[in-house]
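Please consult the sequence and the model shown below while reading.

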Amino acid sequence: MAALFTMNAALERARRERKGANTLSLLQVIAAHDGIRPSEIADLQQVHPSLVTRQVRELEDAGYVQVTADPADGRSCLVALVPAGTDELRRLVQFGLQRFAMFVNDWDPEEVRALAQLLEKLKSSMATVSAREQRPPPGRRWARPGASS
């Protein structure tokens, strides 16, 4: 567990301190959708919506995303990648892959594959537990235990 917490802390620190790591994470979320609301980005990134507003504005100023009115909700907008954003995403992914290759340079290929498989398995297990924890209990949530309807 200590190694996992250390890795998670290092990744979070990189996201906060290194603009490229944060930009990569944000561009990946946006690229996975055909137009996404900032509130959805905030939920997926697990950050405050005001932070996403500032980040999206920076990406728009850099020419990486296009922000348009949401036709389904006039109070919101949709964020989508433009070709320059796709190029930046590719560049950042390539940089990340090169950096990862340095970390595992002296590993056997089978060790790298095993790590990837175990991380995917952990991700799946975490998603399953999170989904289970977020489900409301059956019945009316506002009813007191033992109260009759």
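The sections below cover the basis of the description, the overall architecture, and then individual helices and residues.

## Basis of the description

The model is predicted: local features need pLDDT of at least 70 and side-chain atom pairs count only at pLDDT 80 or more, whereas totals for chains, interfaces and linings use all residues. Residues are numbered from 1 along each chain as its sequence is written, and side-chain values use heavy atoms, with hydrogens and water left out.

## Overall architecture

The protein has six helices and two strands, arranged along the sequence in the pattern α-α-α-α-β-β-α-α. Helices (H or I, at least four residues) and strands (E, at least two) are DSSP runs, numbered from the N terminus.

Of the 149 residues in the protein, 19% are buried. Buried means under 20% relative accessible area, exposed over 50%, and partly exposed in between, with a 1.4 Å probe and protein chains only. Among contacts (heavy atoms within 4.5 Å) between residues at least 6 apart in sequence, 45% join residues at least 24 apart.

## Helix α5

Helix α5 spans residues 83-103, which is 21 residues. From its first C-alpha to its last it reaches 30 Å, close to the 30 Å expected at 1.5 Å a residue; the expected span is 1.5 Å times one less than the number of residues.

The buried residues of α5 are G85, E88, L89 and L92. Seen down the axis of α5, these buried residues fall within an arc of 105°, so they line one face of the helix; the arc is that of the directions from the helix axis to the C-beta atoms. An α-helix has 3.6 residues a turn, so residues three or four places apart point the same way. On the other side of α5, P83, R90 and L97 are exposed. The buried residues of α5 pack against α2 (19-31) and β2 (73-81).

The axes of α2 and α5 lie 9 Å apart, at an angle of about 125°. That angle makes α2 oblique to α5. Axes are lines fitted to C-alpha atoms, for helices over the stretch in contact, and angles run from 0 to 180 degrees between N-to-C directions. Angles under 35 degrees count as roughly parallel, over 145 as roughly antiparallel, 65 to 115 as roughly perpendicular and the rest as oblique. In this pair, G20, T23, L24, L27, Q28 and A31 of α2 meet G85, E88, L89, L92 and V93 of α5.

With α3, the axis of α2 comes within 10 Å and crosses at roughly 120°. That makes α2 oblique to α3. The contact is formed by S25, L26, V29 and I30 of α2 together with I41, L44 and Q45 of α3.

Within α3 (38-45), the buried residues are P38, I41, A42 and Q45. Viewed down the axis of α3, they fall within an arc of 100°, so they line one face of the helix.

Q46 lies in the loop between α3 and α4. Q46 has a positive phi of about 55° although it is not a glycine. With a relative accessible area of 73%, Q46 is exposed.

## Q55 in helix α4

Q55 lies in helix α4, residues 49-61. Its relative accessibility is 6%, so Q55 counts as buried. Leaving aside residues up to four places away in sequence, Q55 touches N22 and L26.
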